[in-house]
Every structure is written in C-alpha cells, then in structure tokens.
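Here is my note on the two-chain model. Please read the points with the structure open.

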Amino acid sequence: MSVDRYILSLSDNSMILGHRLSELCGHGPTLETDIALTNISLDLFGQVRGFLSVLAARQGSDVTEDSLAFLRREREHFNCILTELPNTDFAHIIVRQYFFDVFHKMQLEVLQQSTDQDIAAIAVKSLKEAKYHERFSQSWMLRLGDGTEVSHAKMQVAVNTLYPYVHELFDLTEWEKELIESGVAADTETIKEEYYRLIHQTLAQANLSTDGLSNRYAKGKHGMHTENLGFILAEFQYMQRAYPQMEW
Amino acid sequence: MGDKIILEDKFQKRIDAGEKIEPKDWMPEKYRKTHIRQISQHAHSEIVGMLPEGNWITRAPSLRRKVGLLAKVQDEAGHGLYLYSAAETLGISRDQLFDQLHTGKAKYSSIFNYPTLSWADIGAIGWLVDGAAIINQVMLTRTSFGPYARAMVRICKEESFHQRQGYEIMLGLANGTPEQKEMAQDALNRFWWPSLMMFGPRDEDSPNTEQSVKWKIKRKTNDELRQQFIDITVPQAEYIGLTIPDPDLKWNEERGHYDFGEIDWDEFWTVVKGNGPCNKERLQARIDAWDEGSWVRDAAMSYAEKQANQIGKEKLAS
C-alpha cells in the first residue's frame with residue numbers, strides 16, 4: 001500500500017501544479033510564454049496519466065485513472081504545498097515553477113533506477129520533459145530577477161512567499177522511508193545539498209535573497225493542505241461529481 | 001500615374017496566372033492593407049478563441065479530455081503566432097496589431113463572443129466552429145499572398161484534427177446517458193445559428209466580395225460557403241441522433257442542397273457591433289493579460305539589452 005501512496009504523491013505534485021498552470025491558458029504575458037506554460041501543464045498531466053494508469057491497473061476492479069484523479073477527497077492528496085499555491089502573478093508562477101522543476105528533475109534522475117519498473121519507466125520518459133521545464137523557468141528567474149526594478153521587486157516578494165515551502169520537498173514521510181530501503185522511492189536526502197546549491201546559485205545570479213526567511217508549516221505529503229486545495233478540487237472534480245459514473 | 005497602372009496590371013496578371021505574391025514583391029497599397037486587416041483579424045480570432053475553450057480546461061471531465069483540450073488551445077496560440085508573423089511581413093508589428101485589437105479597431109470572429117456554458121460546448125465548438133473555419137481556410141490555402149496561404153496549409157491540418165475531436169466528444173455525449181444527450185443537444189441548439197453567422201452577411205450585403213475574388217482571397221461567396229457547411233453538417237448531426245434547431249431545414253432535391261431557415265441578422269449585427277453576450281469580457285480578458293504582462297515584457301527587454309551590452313563590453317576588452 002505504501003507504494004500506492006508513493007505513486008499518488010508523485011502524481012499529485014504533477015497534477016496539482018499542472019492544474020495551476022492550466023488556469024493560465026490564454027492569459028499569459030506573451031503568446032510564447034502562454035504556449036510554454038501550457039506545454040509544461042500538458043507534460044505534467046501526461047505524467048499523471050502514466051502514474052495513475054499504472055496504479056489503476058495494479059488496484060484492479062473498478063479503479064481507473066479518472067477515478068483516482070477525480071474522486072479523492074482533500075486529505076487523500078499528497079502533493080507538496082508549493083504546488084498548490086496560487087498564481088498570484090507571473091513572478092510567483094515562475095518562482096514556484098523553478099523551485100519545483102529543479103527538484104523534479106533531480107528526483108526523476110534518481111527514480112530512473114527505481115526497483116519498481118513502472119516508476120523507473122515513467123521517470124525515464126518524464127526526465128526529458130523536466131529538463132526542458134527547468135531551462136524555461138531558470139531563464140525567466142534570471143530575466144525577471146535581473147530585469148527591471150519592478151520585476152526584481154516582484155520576484156523578491158515571490159521568493160519571500162514561496163521559499164519557506166521549499167523544505168517540504170525533502171520531507172521524508174514514514175511510508176517513504178520504507179520504500180527507500182527497498183529501492184522503490186528516491187532518497188531525496190542524497191540530492192538535497194546539490195538542490196540548495198543550484199537554486200541559491202540561480203537566486204544569486206538573479207540578485208534575489210532568502211535572508212531572514214524561515215520555513216513554514218507544510219504537511220501536504222501527509223494529506224494536510226492549505227485552504228487552496230479544496231477550491232482546486234471543487235473545480236477540478238466538478239464534472240465527475242455532478243455527473244457520476246459516466247463516460248466522457 | 002501611368003507607371004502605377006502598368007504595375008497594377010502586371011500584378012493582377014501574376015495573380016491570374018496563379019503565382020504567389022511574396023512580402024518583398026511590389027503590391028498595391030490596398031492589397032497590403034486588406035491583407036493586414038484579414039490576417040490580423042484571423043490571428044486575433046485564434047487568440048480570443050482560446051478564451052471560451054480555456055474556460056473549460058480546469059473542469060474537463062476526464063484526464064484524456066483535459067489533455068486533448070489543453071493541446072487544442074495550445075495549437076490555437078500557435079496559429080495566432082504564425083498568423084501574426086505572416087501579418088508582420090507586410091510591415092506592421094505585433095504590438096501594433098495587439099493595440100488595434102485592444103482599442104477595438106480590429107475585429108475577431110463573433111462566434112467567440114458566445115459563452116461556453118457546459119462541457120458539451122467544447123464538443124460543439126470543435127465540431128461546428130472549427131468545421132466552419134475549415135471551410136473558409138481550405139479556400140485560403142490557395143489565396144494569392146504566399147505567407148498567408150502557407151500558414152493556412154498548416155493550420156488546416158490541425159483544425160481538421162480539432163474538428164474530428166469535437167465531433168467525437170459530441171458522438172460520445174449523444175450515445176451517453178440522457179443527461180449527456182440533453183447537454184449535447186442544448187450545445188447544438190445554442191451554437192448552430194452563430195456558426196452559420198460565421199460566414200458573414202448575405203452576399204448582397206457583403207461589399208468586399210468582388211475585390212477579394214479578384215485577388216483570390218475569396219474563391220467562393222459567403223452564401224456558397226454557408227451552404228457548403230450546412231450540406232456537410234446536417235448528415236453528421238443525423239448520424240449521431242441530434243436535431244438541428246431549424247424547423248425549415250429540408251433537403252431540396254432540385255437544388256441538390258438543404259434549404260434552411262432565416263438567420264437572425266439583428267442578432268448578427270448586435271454581436272458584430274460589440275453587444276453580444278461576451279464581447280466586453282473577451283476583450284477585457286485580452287487587455288488584462290496584456291496590461292498585467294507589461295512588466296514581464298519590459299523586464300525581458302531590459303535583461304536582453306543588459307546581456308547584449310555585456311557581450312559588447314567583453315568583445316571590446318578582448
């Protein structure tokens with residue numbers, strides 16, 4: 001069962017962030033960024049379909065990728081809080097993306113060697129995408145951090161809001177620890193130092209600071225979310241709840 | 001004056017011979033202006049068209065449908081991008097074109113001023129709106145202006161995929177539960193007439209047709225294209241068991257076409273003039289995206305300049 005939960009937690013990061021990005025479609029600052037962010041959303045939902053179809057096949061009976069995606073309650077979601085925070089402005093969108101992308105890429109690199117063949121196969125495929133996502137978000141970190149005074153100020157506000165949630169990416173739950181032992185899950189302790197080195201390098205290049213920021217309470221991986229998630233799910237699950245058990 | 005007449009004459013002969021006009025070729029000012037207007041109107045329609053469909057991305061009923069819709073709306077952004085590029089070859093910038101949209105000087109297709117009220121509207125738009133657009137666009141793949149014709153070839157391929165995807169959504173709903181079928185019928189009821197309006201006013205009320213035919217922008221009239229759309233679409237509706245909301249619709253053996261009822265031209269002009277159900281909201285959404293994005297675009301420009309200066313300094317130092 002803990003493998004199931006692990007797969008859900010990997011999938012939920014992509015699903016909830018993919019949802020946040022999908023809210024932006026048609027409203028980006030340029031056509032090019034609109035296309036890029038939609039593309040990232042598409043990649044993330046592609047990964048969700050990969051994970052959830054594997055899980056549905058394992059669980060059998062009536063379980064489908066859609067029942068797993070659309071019919072769980074708030075407390076049954078295991079994404080990190082960072083991924084559910086709102087699209088306050090383009091600075092928040094980019095900073096949230098960048099903090100996640102670097103982690104995602106490194107996590108997938110490790111997961112390529114997962115002893116769970118399905119997880120390893122999805123990781124191999126998703127890694128190419130995550131590398132592209134990181135290139136995109138990192139380039140915008142620099143552009144906006146080192147662009148104009150206005151953009152720099154907005155980026156600093158976004159870093160102040162979002163950096164305090166980064167630590168949760170490395171929070172190891174009890175069920176995750178078991179899976180690290182058996183080689184299924186990625187031991188994120190092994191990538192933590194490099195992760196912080198990379199993001200601080202980019203933050204420094206972008207003239208952005210994390211001085212004085214302290215970690216905030218974040219237990220998304222334990223199914224404890226912010227008030228944001230309920231509204232995300234209300235929208236995300238609307239059709240499946242309003243019209244139960246239908247084919248679309 | 002005489003030179004200009006000779007040039008215009010040569011120009012028309014090239015078009016008559018089926019040659020493509022390229023951006024650097026000589027062209028009459030009116031040809032340039034007409035193309036800027038038409039291509040930009042088309043580009044604006046693509047990006048405004050992202051909004052009614054984007055409205056359902058976060059509520060799509062399944063993962064497969066969500067991914068399909070995201071990809072479709074992304075394609076539309078891509079169409080906008082290469083249509084703006086085609087317009088730019090005629091000597092106008094994308095910023096100027098956006099400004100024309102935001103100030104209401106440029107138009108976009110009125111169909112996007114209708115709301116998407118249910119998931120079935122996403123199927124109806126794909127089936128009917130993309131279906132109607134394809135009929136226009138297939139004709140435009142042979143238009144005289146090279147960049148526009150080439151953009152159309154690519155766009156048509158993607159649009160016909162969208163149209164099939166939309167029809168498949170409708171097929172699924174029509175074969176689904178009674179609630180789903182009702183949803184599909186309601187979407188058809190609301191989108192049928194606005195789709196017929198997409199072909200523009202009746203020929204006798206369409207002043208630009210003659211010149212457009214001469215330049216091969218148009219090879220068929222509004223009424224001919226509308227009839228073609230109806231003849232193709234009616235059997236598709238019958239096949240999935242949905243009813244076209246037109247009591248006067250009847251096959252005319254003699255004409256070899258469907259006869260159909262009168263379009264509500266008052267509604268048509270109301271929407272064209274800006275008073276449709278969503279005109280204000282669609283335009284405002286575009287203006288907001290542009291205004292809220294201005295600091296992002298400024299920062300990108302400033303960063304690019306800094307980088308260029310840096311490279312310049314390094315070159316001088318070496």
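1. Chain A and chain B bury about 4000 Å² between them. Of this area, 71% is on carbon and sulfur atoms. Buried area here is the accessible area (1.4 Å probe) that two parts lose on being put together, summed over both. Leu31(A), Leu42(A) and Trp248(A) supply 18% of what chain A buries against chain B, more than any other three residues.

2. On provenance: this is a predicted model, with local features needing pLDDT of at least 70, side-chain atom pairs counted only at pLDDT 80 or more, and totals for chains, interfaces and linings using all residues. Residues are numbered from 1 along each chain as its sequence is written, chains are lettered from A and ligands numbered from 1 in the order in which they are written, and side-chain values use heavy atoms, with hydrogens and water left out.

3. The contact (heavy atoms within 4.5 Å) takes 46 residues from chain A and 45 residues from chain B. Across it, 13 residue pairs are in polar contact, both at pLDDT 80 or more. A polar contact is a pair of N or O atoms within 3.5 Å; within protein, one must be able to donate a hydrogen and the other to accept it, and residues adjacent in sequence count only if both atoms are side-chain atoms.

4. Which helix gives the most to the side of chain A that touches chain B? It is α2(A), with 12 residues. That side divides into 22 nonpolar, 13 polar and 11 charged residues. Ala, Val, Leu, Ile, Met, Phe, Trp, Tyr, Cys and Pro count as nonpolar, Asp, Glu, Lys and Arg as charged, and the others, Gly among them, as polar.

5. Between the chains there are 2 salt bridges. The rule is a side-chain nitrogen of Lys or Arg within 4 Å of a carboxyl oxygen of Asp or Glu. Lys306(B) pairs in this way with Asp146(A), the closest N and O atoms being 3.2 Å apart.

6. The whole structure has 31 salt bridges over all chains. Glu65(A) and Arg49(A) form a salt bridge at 3.2 Å, N to O. Glu65(A) lies in helix α3 of chain A and Arg49(A) in helix α2 of chain A, so the pair ties together parts 16 residues apart in sequence. Helices are DSSP runs (H or I, at least four residues), numbered from the N terminus.

7. In chain B, the axes of α2 (residues 29-54) and α5 (residues 120-140) come within 13 Å and cross at roughly 170 degrees. The two helices are therefore roughly antiparallel (over 145 degrees) to each other. Axes are lines fitted to C-alpha atoms, for helices over the stretch in contact, and angles run from 0 to 180 degrees between N-to-C directions.

Conventions: Angles under 35 degrees count as roughly parallel, over 145 as roughly antiparallel, 65 to 115 as roughly perpendicular and the rest as oblique.
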